[in-house]
Structure formats: structure tokens, C-alpha cells
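Here is a short report on one stretch of a predicted model. Keep the structure open while reading.

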Amino acid sequence: MKKICLALFILILSSSCIFSKGEGYKRISMDEAKTLMEKKEGYILLDVRTKGEYESGYIPGAINIPLSDIDEKIISFLPDKSQMILVYCRSGNRSREASDKLSKLGYSNVLEIGGINAWKGEIVKNKSLYQHSGPGNPSCNA
């Protein structure tokens, strides 16, 4: 019986390590994110989908930096590593990867909010005000 209890304890402990993966970011739901955005100011809403996906519809106020452009060069575009960054994509896969990349680059207030397909609010369907045009080279398309 002690062996079974010990085995279960080890299994539970190892599974909690597997699921937490030492992430340097926090996951919250789209509903939690919407509430947070209504109450807070000074955050960045980051859409990590491709430019084409972004232009087909995005959450109001979001800037677009595709996942493939998130590397060391992005620091010049997002200089405040303690600023709250809410990250989303289409379904949640790329936003998790982007959040992990950002936390590894030293960003300490990253919130992964999943995919736009879970967003219940307004969707903007025109060109963005802000479009990241390449690694470390932001431009304004207003």
C-alpha cells in the first residue's frame, strides 16, 4: 500500500511539473482579458497572427507582430519589459509560443489570452493603425 501511495504521489508531482512547464507567463481566458482591458490602461494587446489574418479581423486596439518576428530585435519595439502584454492568435497555439518567447526575452508581465475565435466583443475588419513591418522595424500605416 505504501508503494502505491508513493507511486501516486510521484505521478501527481511529475504531472504538475509537466503541465506547468515552468512558464514565465500567465494564461487567462478571453473573458478575463476583456474585463481586464475595461479596467486597466497602459497595456499592449498583441496579435501574433500573420498580417493577412490580422487584416481580416482583429480586436480593437491590437497591434500585429507575427510570431515569426518575435526575437531579440523586438525589444526596440517593446522596450518596457514590465508593461502588461496580452497576447492572442487565432486559436491559442501561437499565442502560447509567443508568450513563451517573450518571457524568455525578459518580459515579466505577459498574459496569454488564447485565440480570437473565443473573443465575444467587437472585431475590427480593416487595416491596422499599427503594423510591425519586420523585425525591429515598426511602421505606422494610419
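## Strand pairing

Asp-47 sits opposite Tyr-88 of strand 4. Strand 2 spans residues 44-47 and runs parallel to strand 4, with four bridges between them.

Strand 5, residues 110-115, also pairs with strand 4. The sense is again parallel, and five bridges join the two. Here Ile-85 faces Val-110 of strand 5. From strand 4 the chain passes through helix 4, residues 93-104, into strand 5. This β-α-β crossover is right-handed.

## Strand 4 itself

How many residues of strand 4 are buried? Five of five, across residues 85-89.

The side chains split into two sets. Ile-85, Val-87 and Cys-89 point one way, while Leu-86 and Tyr-88 point the other way. Both sets are buried.

## Helix 4

Helix 4 has twelve residues. Its first and last C-alpha atoms are 17 Å apart, close to the 16 Å expected at 1.5 Å a residue.

Which residues of helix 4 are buried? They are Ser-95, Ala-98, Ser-99, Leu-102 and Ser-103. These residues lie on the same side of helix 4 because they cover an arc of only 135° around the axis. An α-helix has 3.6 residues a turn, so residues three or four places apart point the same way.

The buried residues of helix 4 pack against strand 2, strand 4 and strand 5. Just past the helix comes Gly-106, with a positive phi of about 105°.

Terms used. Residues numbered from 1 in each chain as written. Predicted model: local features only at pLDDT ≥ 70, side-chain atom pairs only at ≥ 80, totals over all residues. Heavy atoms only, no water. Buried < 20%, exposed > 50% of the residue type's maximum accessible area, 1.4 Å probe, protein only. Pairing = 2+ DSSP bridges. Right-handed = clockwise from strand over helix to strand, strands pointing away. Expected span 1.5 Å × (residues − 1). Arc of directions from axis to C-beta. Contact = heavy atoms within 4.5 Å.
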